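Here's a quick briefing to read alongside the model. Have the structure open and follow along.

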Amino acid sequence: MTLLQSMGNFLEELEFKEVAPVAPAAKLRLLDTVGCIVFSASLPYVRQMSREFVTSSGPYGVMGHAGGTSSVGDSAFLHGFMVYAYELAGTGAWGGSTGSIVPAAISATQYLAARDDSRISGRDFLRAFVGAAEIQMRLAEWVGFATERYVGWHTPAFHGAVGASAVTAALMGLDATTSAHAMAIAADMAGGGLIHSRNNSKRAHMGRTPASGILSAILARDGLEGGLDVLEDPRWGYRRTLLYGTESLTDVPGNPLDGLGSRFDALSKVSVKYYPFHSAAQSILDNMAELHRQRPELTVSDVASITVGLSTFMFEHGAMLKPAASLADTNFSFPYAAALGFVFEPRRLSEDGASARLFLDGYSNPDVASLQQRVRCESSDVLDAENPYTMDTTLRVDLVDGNTISTRTSFGEASRARGKGAIEFGAQGDEAILTKFDNLTVPALGETRARELREAILNLDALEDVTDVWRIAYVDVKSISTGDPR
Amino acid sequence: MTLAQDIARGALSVPPVAASLPLAGIKRHLVDAIGCAAFGSALPYASALVSDLARPTGFGVIGKTVRMSPGDAAFQSGVYIGAFELDTAGAFVHPAASIVPAALVAAQMRLEDGAAVSGEAFLRATAVAYEMTVRVAEWVGFLPERYIGWHTPAFHGAIGGALAAGLLLELDEVHLARAVAFAADMAGGGLIHARGNAKRFHQARTAQTGITSALLAARGIECGLDVLEDPRWGYRRAMTYSGEGDAPTDQGDLEAVTAGFGSEWRAWARLGIKYYPFHASGQTILDNGVALRAEGIARSEDIVSATVGTTTFIREHDQMLKPATGLADANFSLPYAAAVGLALAPAPLNAERSDAAMFATAVDDPEVQRLQRLVILEVDSELDRENSYTMDTVMTVRTRDGQTHRHRTDYGSRGRSEGGAGGVRFAELGDDDISRKFSNLAAVAWGDEHANRVLASVLSLEQASSVDELLDQLHTESRTIPGAGATKTTP
């Protein structure tokens with residue numbers, strides 16, 4: 001039996017009662033992802049792009065838009081793009097996140113309703129979601145870090161497609177073999193996505209993963225087959241190809257099926273962001289917050305330079321070491337994160353009173369523009385020794401008076417306990433996730449509709465038709481005006 | 001200036017009416033692509049998604065009257081071009097299924113906007129895209145397929161699709177460079193391991209990626225432009241990584257990608273046009289089988305063993321070493337190719353009265369099934385020495401009377417001089433051959449009369465003030481081939 005056949009069996013046999021213990025966590029992850037989508041719908045570059053896909057008569061609704069797309073693939077692509085459009089989606093374990101699964105699941109339920117008049121209940125949705133998350137996380141951990149660390153592929157663009165096909169297959173009720181074929185086709189169509197890329201390229205290739213997943217499941221349902229040994233084939237398989245040349249540089253778990261069906265821990269490995277930045281920048285902003293606690297009186301004119309210490313892996317993301325040059329890459333620029341943190345002392349989005357759009361507005365602030373030019377990044381041996389995948393950072397601020405202030409985050413200690421691939425920044429409890437959701441959705445949807453959406457997701461397991469949830473958000477949100485639509 | 005910018009500048013530098021524009025070359029390939037698509041649209045399994053993707057309005061698909069979104073229409077036409085493993089191969093790419101569908105959709109979008117798209121503009125955009133795709137493919141080279149496992153056409157084709165669509169959408173240099181960069185980052189997916197249905201969708205995805213990338217760029221969405229050559233994490237480096245640790249790789253010969261662009265056209269010398277619906281190496285296997293039958297094996301029933309020698313690279317395609325189990329994997333099974341050649345000695349598709357549909361039904365032939373189980377594949381070291389990427393093969397057959405018969409192809413010797421390291425060579429098809437192949441394929445789908453109309457339109461396309469007539473002709477419903485409904489790759 002191949003890996004995919006085992007995974008197909010798992011999906012077919014999985015029952016809601018098995019996932020019920022993690023259903024609350026699943027609903028919060030869904031809530032967090034939907035919040036990201038809704039806020040992103042108001043971003044100028046998203047609205048610019050969606051004009052190409054959304055029409056008033058499109059049957060597949062798009063969150064944050066009054067119209068819809070004419071194709072289910074386009075719906076999945078747009079929702080996937082929006083999940084990542086403000087760099088706020090959950091992240092973890094080299095591509096084990098659920099950012100591809102959710103948009104695929106949303107679009108798959110739209111597709112089933114439109115084509116077959118088939119309604120997916122909240123329980124069935126959660127069963128499929130958790131099952132797909134377990135498969136994708138195990139796949140991600142099995143392939144491991146080396147593909148990103150040394151080779152250069154952005155692994156979420158690969159594993160996400162398999163996760164997206166798994167959730168679609170489960171929602172369609174495909175049998176074990178057909179589900180395995182869906183995942184095989186997805187594994188073969190997966191990918192595209194370079195670790196080098198930032199801004200819209202990354203968003204676009206992440207939009208492709210749910211679209212690939214949906215397509216793969218539909219193809220499999222219609223009787224087309226893929227090679228079921230595509231994952232583990234020792235000569236040309238998925239893992240071997242992704243890891244080629246790094247075999248001596250990495251150690252990865254041997255069996256992705258370990259604990260599948262008895263241990264549901266994938267969601268616990270997905271970390272929730274609280275700043276709209278790349279993972280490493282969460283801790284840059286946290287360091288800045290600590291700096292302000294120590295020296296609240298400092299102003300931009302007091303700063304001679306700022307040095308951010310990163311793991312070598314992060315430091316090699318050359319494109320992210322540059323100051324932000326357009327609105328679209330503010331989410332990926334470490335200098336911008338440091339400068340914005342210093343100038344605005346922004347609250348985490350998981351805190352009351354935080355403003356999501358502050359991170360956009362900061363781009364036109366002259367102090368931020370000036371200060372980000374004084375930020376430099378360097379690789380840190382200390383961080384590398386702790387964990388080459390850590391998202392912890394160090395911060396040193398050299399003041400014009402000759403003094404220096406240093407601080408660092410130490411979130412990584414928790415990740416060592418949760419597995420090598422776990423990404424850690426400040427832990428977000430249930431209330432924090434709910435607050436982040438409110439901060440993202442209320443400005444976009446208004447208080448009433450945002451609350452309705454939140455309650456619907458939190459009560460998902462009682463719903464007969466999950467498309468009723470998505471429909472709440474099928475309204476046009478206003479584009480945030482920034483003067484820079486890119 | 002980044003490579004994406006160089007590519008965009010080079011693509012735009014080809015004059016609208018260029019003396020050097022290889023009209024004959026691009027028209028040959030366009031005829032071939034449309035013929036493949038027409039036949040593909042008659043195969044039931046290739047239309048598996050049509051009802052899912054169809055919508056009341058939108059953009060047309062070759063061989064169908066339905067309408068789809070831009071990405072879906074490009075995808076579906078791409079599926080059809082690659083559906084029967086008959087499309088162009090060479091230089092580590094199969095550009096037809098990536099470029100032609102993206103170009104067709106972009107042309108429709110322009111026409112819908114009220115703009116004119118001349119036949120010459122269409123030919124120019126597709127010719128430029130073919131040429132640049134081959135150049136990018138040669139820049140990346142053979143390594144990803146030979147050792148690592150990526151099916152590189154699933155990557156490079158997206159860049160070609162974006163270029164063709166971007167040119168027809170009349171993107172300026174900045175936006176065209178972004179389209180290339182988007183495509184490079186969204187490209188890929190595709191393992192060399194795959195055969196059967198999975199492979200068929202690789203190229204279709206590149207067409208979809210190409211049109212999507214051009215549309216993103218047209219909407220003003222920006223992206224990083226150094227994605228191709230970045231020495232640490234770029235397109236070429238990631239695809240060719242083979243254990244350098246943290247060290248950046250060299251960027252290859254960047255200048256060669258665009259050098260002489262617009263005056264020196266390499267693509268046509270690199271690409272082989274198939275005449276059997278099989279993987280590239282299956283062309284020569286069939287040639288060998290047909291030759292052995294012509295040279296003295298009167299009855300296939302007398303054959304007791306058959307051995308096919310290939311390069312190591314082809315021999316390592318373990319999925320292709322197995323007998324075919326159904327229509328979906330028949331095009332990729334080398335034992336099946338050998339059995340069809342030996343049992344049926346079929347006329348190639350460029351011959352008069354070749355029966356294209358036969359290749360879709362022969363999988364049920366008892367003698368073919370018997371023979372394919374006899375076939376042994378082995379590495380031929382002589383072929384490896386000549387060219388590790390050659391598609392030449394050697395076939396040795398033993399008959400009941402104890403005699404041994406041997407035949408090998410030698411197309412590669414010409415490939416080495418004309419085709420570069422990645423040139424795929426089998427028998428060369430002339431203009432008449434390609435027209436006959438088209439007719440043999442398209443007539444199955446559309447009937448002789450309509451097939452002839454389409455052929456005439458393509459052959460005179462540079463004189464057409466608009467491509468709208470050709471588009472109308474292409475969006476004509478094809479017939480379904482009876483008995484070609486299997487989709488399975490496993491029993």
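Which way does helix 4 of chain B pass helix 5 of chain B: in a left-handed or a right-handed crossing? The crossing is right-handed, a label given when the near helix is turned clockwise from the far one by less than a right angle. A heads-up on the source: this is a predicted model, where local features need pLDDT of at least 70 and side-chain atom pairs count only at pLDDT 80 or more, while totals for chains, interfaces and linings use all residues. Residues are numbered from 1 along each chain as its sequence is written, and chains are lettered from A and ligands numbered from 1 in the order in which they are written.

**The helix pair in chain B**
- Helix 4 (residues 70-82) and helix 5 (residues 96-112) of chain B have axes that come within 8 Å and cross at roughly 145 degrees; axes are lines fitted to C-alpha atoms, for helices over the stretch in contact, with angles from 0 to 180 degrees between N-to-C directions.
- Helices here are DSSP runs (H or I, at least four residues), strands are E runs of at least two, and both are numbered from the N terminus.

- Four strands form an open sheet with mixed pairing, in the order 4-3-5-6 (chain B); strands pair if DSSP finds at least two bridges between them.
- Strand 4 (375-379) and strand 6 (404-408) of chain B are the edges, each with a single partner strand, so one side of each has no neighbour in the sheet.
- From one strand to the next, the twist averages 20 degrees.
- Strand 5 (residues 394-399) of chain B runs antiparallel to strand 6 of chain B, paired over five bridges, and B:Val394 sits opposite B:Arg408.

**Where the chains meet**
- Chain A and chain B each put 60 residues into the contact.
- Helix 11 of chain A gives the largest share of chain A's side, nine residues.

**The nonpolar core**
- The largest nonpolar core has 350 residues, and B:Ala106 is one of those touching the most other members. A core is a set of buried Ala, Val, Leu, Ile, Met, Phe, Trp, Tyr and Cys residues joined through C-beta atoms within 7 Å, where buried means 20 or more other C-beta atoms within 10 Å.
- Helix 6 (residues 119-140) of chain B gives the most to this core, 14 residues.

Notes:
Contact = placed C-beta atoms within 7 Å. Buried ≥ 20, exposed ≤ 12 C-beta atoms within 10 Å, placed from the backbone.
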